[in-house]
Amino acid sequence: MSASLHRRPTGRRRLALVGASTLVAAGLGAVPLVVKADAAVPADLAHGVLPARDGRAASGSGTTGGRAAAAARVFTVSTRAELARALAAGPADAPRIVRVKGLIDAGTDDGGKPQSCADYAAGTGYSLDSYLKAYDPAVWGRAKVPAGAQESARRAAQARQAARIVFTVPARTTVVGVPGTGAGITGGSLVVKNADNVIIRNLSLTDVRDCFPQWDPTDGSTGNWNSAYDAVSLRGATHVWVDHNSFSDDPHPDSANPVRFGREYQVHDGALDITNASDLVTVGYNTFSNHDKTMLIGSSDKDTKLRVTLHHNVFRGIVQRAPLARVGQIHLYDNYYDTTESEGYAHSYSVNSRAGAQVVAQNNYWKLSSDRKVSQLLGGDGTGAIAGSGNLVGGAPVDLVAAHNSANPGKKIKAAVDWRPTLTAGLEPAAGLPAKLAAKAGAGVLTETGGKAAPKPARGTYDGGNPTG
């Protein structure tokens, strides 16, 4: 399986990770306003808001999603058509809450009939056989991307699929799974584009397949098939909280994908991608399993903003991009990584810092499988930085940056950054994470009352490890 950095279409007692490296005290994040409870708002999961100091999305006035929604704008949906209508209901700028009850299959028509790839292609002139004949490298070559009748037809068919499975999430919206109903969306993509103040919680988000991936012979030395849809895509989005969701390719793993033109015919793209100058994002208590290109932060080396916090997430059966970070300021704390191969998904690397990205990694825990090395946990292009402390591999502190740099002298990761995280609610030692997160991360854990908020750390100084009083 490829572990390339595909383009999108057209650490006895050394401190873990960086040892004695220091963080330069600059660029402190804003201290958020505390959102106080309103007696008029029900105390339920759907009206929950991001706790104070819980990552970058707590900056400024925090993230409240659709908490202020009027009763008439609290929708409970069980079908694709109902979900689409609830997200589109006007006025666009009014707060809304969308409660997902049960599992919604996005690949259906308005009457609930399942739609196949053939249904989407009907009338467009696209056929896979014709596409393969037209753009076979032996015929088309490898110097340019496909163009012409079959590429146009592929785009038309892809657009028809997108009209069914892509759901635009407006500003001031909460999309939340109803506890106890197995809530989720299969085969669908939630897109938050140029919108502020969004919450996505308690959903199983699975198997988002592109029926019509594009062949790009110029992508890498041998070309690649690139697909179009992420389970959740943040594009120019701000103040977003992604909490207690489960992301996976199940039940259709990549091992079932055929090989065409010598490359895997990849029908899955990202699980959660944060791109196009998205900013002030908190991703917490999610599980990511059985997926390849999991999380891209930054759509290009020229992207901007991208201040993101990832904490208490589980990455298991993940090939790469957990995350791949470009340009921004990324805080990774209390995440659990298991590099054991699962369902054919073989680990390549966990965290990649490139294009000047400045990553602070604290108190994360890696379970290292017998086929992997410490030097393979990080990646980069020689321009990115990863600083931090308290990280463990198999329960022991290891200097991951030093291990990577020793094995990759031409692409050394820098061990200091020029900012320090301050929004760190729930920061805790890494040792207990495997057991804790097995019970507390992912969809289906939260109750209707929303569960308990993470404990807040005392205000104090930052020593490269935990805050101190």
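A residue is called buried when its relative accessible area is under 20%, exposed when that area is over 50%, and partly exposed in between, with a 1.4 Å probe and protein chains only. By this criterion Tyr126, at 11% relative accessibility, counts as buried, and Phe212 is likewise buried, with a relative accessible area of 2%. The structure is a predicted model, in which local features need pLDDT of at least 70 and side-chain atom pairs count only at pLDDT 80 or more, while totals for chains, interfaces and linings use all residues. Residues are numbered from 1 along each chain as its sequence is written, and side-chain values use heavy atoms, with hydrogens and water left out.

Rings of Phe, Tyr and Trp (its six-membered ring) are taken to pair if their centres lie within 6.5 Å, and a pair is stacked if the planes are under 30 degrees apart, edge-to-face if over 60, and otherwise tilted. A search of the whole structure finds 14 aromatic pairs. Tyr126 lies in the loop between helix H2 (117-121) and helix H3 (128-135), and Phe212 in the loop between strand S9 (204-206) and strand S10 (214-216), so the pair ties together parts that are 86 residues apart in sequence; here helices (H or I, at least four residues) and strands (E, at least two) are DSSP runs, numbered from the N terminus.

The rings of Trp225 and Phe261 have centres 5.5 Å apart and planes at 20°, and the pair is therefore stacked. Trp225 belongs to strand S11 (residues 224-226) and Phe261 to the loop between strand S15 (259-260) and strand S16 (263-264), so that distant parts of the chain, 36 residues apart, are linked. Both Trp225 and Phe261 are buried.

A charge is said to sit over a ring if NZ of Lys or CZ of Arg is within 6 Å of the ring centre and within 35 degrees of the ring normal. The charged end of Lys144 sits in this way over the ring of Trp140, 4.5 Å from its centre, and Arg260 lies over the face of Tyr265, at 4.4 Å from the ring centre.

Elsewhere, Asn335 is placed in the loop between strand S24 (329-333) and strand S25 (336-338), and Asn335 counts as buried, at 0% relative accessibility.
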